[in-house]
Amino acid sequence: PVVALGFSMGGTILAKYLGESRGASGIRAAVVISPPLSYPAHMQELQRRPLLSFIMAVPLKLWLWQKRMQLAVHFPEWRLGEAMASTSLLQLAGTFLPFHGYQ
């Protein structure tokens, strides 16, 4: 069986995907850990604290770099260079969230 785990923003993406697929995803169980309760409040906090936003983006950039070959297959129009050049979590998220239905 396939199980899925989503943490923070990934949890929101996972929950959105599962809700939209209505049981057709093939995922038998899922856990969402610590998704933001209020995106507007979360975004305002990150905008007020640019250093925190930058620091939070670093591990995600490392993960994206490690997965770049797989991402190129599934999201060929995604721009790795733009993601790596981002200076905040919000800017980084803006490079890939549109592919998941977010604006």
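# Briefing: pocket, core, helix contact and loop residues

Ser-34 lies in the loop between β2 and α2. The model described here is predicted. Its largest pocket has a volume of about 1400 Å³. Its largest nonpolar core has 13 residues.

**Largest pocket**

- Two or more lining residues come from each of β1 (2–7), α1 (9–21), α2 (39–48), α3 (50–66), α4 (68–74) and α6 (89–96).
- α1 supplies the largest share of the lining, eight residues.
- By class, 29 lining residues are nonpolar, 10 are polar and three are charged.

**Largest nonpolar core**

- α6 gives the most, with four residues.
- Met-9 is in contact with Pro-36, Tyr-39, Ala-93, Phe-96 and Leu-97, leaving aside neighbours within four places in sequence.

**Helix contact: α3 with α6**

- Two packed helices are described by the angle between their axes and the distance between the axes.
- The axes of α3 and α6 come within 8 Å. They cross at roughly 35°.
- On the α3 side, the contact is made by Ser-53, Met-56, Ala-57, Leu-60, Lys-61 and Leu-64.
- On the α6 side, Leu-89, Leu-90, Leu-92 and Phe-96 take part.
- The residues of this contact divide into eight nonpolar, one polar and one charged.

**Ser-86**

- Ser-86 is found in the loop between α5 (80–85) and α6.
- Ser-86 has a relative accessible area of 2%, so this residue counts as buried, the cut-off being under 20%.
- Beyond residues up to four places away in sequence, Ser-86 touches Lys-61, Gln-91 and Leu-92.

**Arg-22**

- Arg-22 is found in the loop between α1 and β2 (27–33).
- Arg-22 counts as exposed because its relative accessibility is 75%, and the cut-off is over 50%.
- Arg-22 has a positive phi of about 50°, although it is not a glycine.
- The C-alpha atoms of Arg-22 and Gly-81 are separated by 34 Å. Along the chain, these two are 59 residues apart.

**Ser-34**

- Ser-34 is another non-glycine residue with a positive phi, of about 55°.
- Ser-34 is partly exposed, because its relative accessible area of 49% falls between the cut-offs of 20% and 50%.

Key:
Residues numbered from 1 in each chain as written. Predicted model: local features only at pLDDT ≥ 70, side-chain atom pairs only at ≥ 80, totals over all residues. Heavy atoms only, no water. 1 Å grid on protein atoms, 1.4 Å probe; cavity = no way out; pocket = protein on both sides within 12 Å on 5 of 7 lines; lining within 4 Å. Points joined across faces, edges and corners; volume = space filled by probe spheres on them. Nonpolar A, V, L, I, M, F, W, Y, C, P; charged D, E, K, R; others polar. Core = buried A, V, L, I, M, F, W, Y, C linked by side-chain atoms within 4.5 Å. Buried < 20%, exposed > 50% of the residue type's maximum accessible area, 1.4 Å probe, protein only. Contact = heavy atoms within 4.5 Å. Axes fitted to C-alpha atoms, helices over the stretch in contact; angles between N-to-C directions.
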